[in-house]
Amino acid sequence: MKKGIHPDYRPVLFHDTAANVFFLIGSTADTDKTYTHEDGNTYPYIVLDVSSASHPIYTGQQRQTKAEGRIAGFNKRFGGFVAKP
């Protein structure tokens, strides 16, 4: 490998603000912010809006739609346009 061309790989603290969860992960992400983690060490800090801790698909809170209601609504609106044999 060539020297001096690769980004610095180090532990970075990611903070999911929606779930208020911290992830300490090795990353090359660049940031100027730092944060002191609960272990007492200071790490580069990146704020996330959504992560696996708050995303509806991963948390099981995905909204379930009622297929019967949607189909009935569609037939109610557009059922008269269908040619009758």
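Student: Is Tyr-35 buried, exposed or partly exposed?

Tutor: Partly exposed, because its relative accessibility is 35%. Buried means under 20% relative accessible area, exposed over 50%, and partly exposed in between, with a 1.4 Å probe and protein chains only. Keep in mind that this is a predicted model: local features need pLDDT of at least 70, side-chain atom pairs count only at pLDDT 80 or more, and totals for chains, interfaces and linings use all residues. Residues are numbered from 1 along each chain as its sequence is written, and side-chain values use heavy atoms, with hydrogens and water left out.

Student: How many aromatic pairs does a search of the whole structure find?

Tutor: Three. Rings of Phe, Tyr and Trp (its six-membered ring) pair if their centres lie within 6.5 Å; planes under 30 degrees apart count as stacked, over 60 as edge-to-face and the rest as tilted. Take Phe-22 and Tyr-35: the ring centres are 5.3 Å apart and the planes sit at 20°, so this pair is stacked. Phe-22 is in strand E2 and Tyr-35 in strand E3, so the pair ties together parts 13 residues apart in sequence. Helices (H or I, at least four residues) and strands (E, at least two) are DSSP runs, numbered from the N terminus.

Student: And how do the rings of Tyr-35 and Tyr-45 sit?

Tutor: Their centres are 5.0 Å apart and their planes are at 20°, so they are stacked. Tyr-45 lies in strand E4, so this pair with Tyr-35 of strand E3 ties together parts ten residues apart in sequence. Ring pairs link Phe-22, Tyr-35 and Tyr-45 into a cluster.

Student: Are Phe-22 and Tyr-45 buried or exposed?

Tutor: Phe-22 counts as partly exposed, at 28% relative accessibility. Tyr-45 is buried, with a relative accessible area of 13%.

Student: Switching to the sheet. What is the strand order?

Tutor: E2-E1-E4-E3, an open sheet of four strands with mixed pairing. Strands E2 (21-27) and E3 (34-36) are the edges, each pairing on one side only. Two strands pair if DSSP finds at least two bridges between them.

Student: Which strands run parallel, and which antiparallel?

Tutor: E1 and E4 (residues 42-48) run parallel, joined by four bridges. E1 (residues 10-16) and E2 run antiparallel, with seven bridges. E3 and E4 are antiparallel too, with three bridges.

Student: Can you give me some bridge partners?

Tutor: Val-12 has Ile-25 of E2 as its partner. Asp-16 is bridged to Leu-48 in E4. Thr-36 is bridged to Thr-42 in E4.

Student: Which residues take a positive phi in the hairpins?

Tutor: Asn-20 does, near 55°, in the hairpin of E1 and E2, which has four residues between the strands. Gly-40 does as well, near 95°, in the hairpin of E3 and E4, with five residues between the strands.

Student: Where is Ser-51, and what does its side chain contact?

Tutor: Ser-51 is in the loop between E4 and helix H1 (56-59). Its side chain makes a polar contact of 2.6 Å with that of Asp-16. A polar contact is a pair of N or O atoms within 3.5 Å; within protein, one must be able to donate a hydrogen and the other to accept it, and residues adjacent in sequence count only if both atoms are side-chain atoms.

Student: Is Ser-51 buried or exposed?

Tutor: Buried, because its relative accessible area is 11%.
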